[in-house]
Amino acid sequence: MRLASLVVFSAAICYGIASPEIDWISMGKLILGGFLVTGASNGFNQIIEKDLDKLMARTQERPMPQGRMQEPEAIALSSILGLSGVAILYTLNPLSAALGLVAMVLYSVVYTPLKRETPFAVFVGAIPGSIPPMLGYIAYSGEMSIQAAILFGIQFMWQFPHFWAIAWRLDEDYKKAGFKLLPSPNGKDVTSAFQTLIYTIGLVPISLLPVVFKMSGLFSGVIILSAGLVFVYQAYKLFKSQSDEDAKRLMFGSFFYLPIVQLAILLDKL
């Protein structure tokens, strides 16, 4: 629910950025469709990784490793959730439905099995992880635009420090399942910390594109820049210390950073 809530929040805020006036029925469809598609994606992920989930402390209590749900039930439930979610998004416009379907397939069929093969999986996973804000914008506009692409780009770049901070903290657990998620082959080292810092620095100019393209103004620009500098400082601290504690701070910083940026753009528009 925490993951789904962050995904749906991102889509809903970006719907508000696109819309001069909120259509609450459409907003409700977006939220419901988003929850269903996200739930289906997570469901298919757990079906594929049911045996691996038994190996990790963070996933051992899931329904399938515990035997509380069998594979046929999980496939049926996830399929119903996915089809229902895509159908609801289709009532907004066909492009929204297509984006929801692409996100679900990429996450489940491509990203999930790739995690055991290469750290490049994080790049692949960042694509479906960045579709929600673009989907939210397009749920109102019905078409691809530079504004939708910018919102996608911010969340795409944010995915790297966000996920690498999580992977740093859970590295030992992930290794039990053979997941290769940190950018360095050696895992928690200066190379992984350096790449995390570089991507966090790269996020700062991308996050200011809404100001450049007149999606928001000076008010949001100041907030976005301030949040970005704090985020960069947290990544720098991880680079200097390479400690789990600083990875934890960066992870929590990422939870705050994205909503702050998206809300700043929305409030500036209002």
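Student: What kink lies in H7, and at which residue?
Tutor: A kink of about 30° lies at Gln 159, shortly before the proline Pro 161. The bend at a residue is the angle between two fitted axes, one for the seven residues ending there and one for the seven starting there.

Student: What sort of model is this?
Tutor: This is a predicted model: local features need pLDDT of at least 70, side-chain atom pairs count only at pLDDT 80 or more, and totals for chains, interfaces and linings use all residues. Numbering starts from 1 along each chain as its sequence is written, and side-chain values use heavy atoms, with hydrogens and water left out.

Student: What makes a stretch a helix here?
Tutor: Helices are DSSP runs of H or I with at least four residues, and strands are runs of E with at least two; both are numbered from the N terminus.

Student: How do you know whether the length of H7 agrees with expectation?
Tutor: The expected span is 1.5 Å times one less than the number of residues. H7 has 24 residues, so it should span 34 Å. Its end C-alpha atoms are 35 Å apart, which agrees.

Student: Why is Asp 23 called a cap of H2?
Tutor: A side-chain oxygen of Asp 23 lies 3.1 Å from the backbone nitrogen of Ile 25, at the N-terminal end of the helix. A polar contact is a pair of N or O atoms within 3.5 Å; within protein, one must be able to donate a hydrogen and the other to accept it, and residues adjacent in sequence count only if both atoms are side-chain atoms. The 3.1 Å therefore falls within the cut-off.

Student: Is H7 largely enclosed or largely open, and how do you know?
Tutor: Buried means under 20% relative accessible area, exposed over 50%, and partly exposed in between (1.4 Å probe, protein chains only). In H7, 19 of the 24 residues are buried, so the helix is largely enclosed by the rest of the structure.

Student: What class does the Phe 123 and Phe 160 pair belong to, and why?
Tutor: Rings of Phe, Tyr and Trp (its six-membered ring) pair if their centres lie within 6.5 Å; planes under 30 degrees apart are stacked, over 60 edge-to-face, and the rest tilted. Phe 123 and Phe 160 are 6.4 Å apart centre to centre, with 40° between the planes, so the pair is tilted. The structure holds 14 aromatic pairs.

Student: What does the Phe 123 and Phe 160 pair tie together?
Tutor: Phe 123 lies in H6 (residues 121-141) and Phe 160 in H7 (residues 146-169), so the pair ties together parts 37 residues apart in sequence. Phe 160, at 3% relative accessibility, counts as buried, whereas Phe 123, at 35%, is partly exposed.

Student: What places Lys 115 over the face of Phe 179?
Tutor: A charge sits over a ring if NZ of Lys or CZ of Arg is within 6 Å of the ring centre and within 35 degrees of the ring normal. Lys 115 lies over the face at 4.5 Å from the ring centre.

Student: Is Pro 133 buried or exposed?
Tutor: Pro 133 sits in H6. At 0% relative accessibility, Pro 133 counts as buried. Contact means heavy atoms within 4.5 Å. Leaving aside neighbours within four places in sequence, Pro 133 is in contact with residues including Ala 11, Cys 14, Phe 152 and Gln 262. The C-alpha atoms of Pro 133 and Ala 11 are separated by 4.4 Å, though 122 residues apart along the chain.

Student: And Ser 220, buried or exposed?
Tutor: Ser 220 is found in H11 (residues 218-241). Its relative accessibility is 0%, so Ser 220 counts as buried. Beyond four places in sequence, Ser 220 is in contact with Val 211, Ala 264, Ile 265 and Asp 268.
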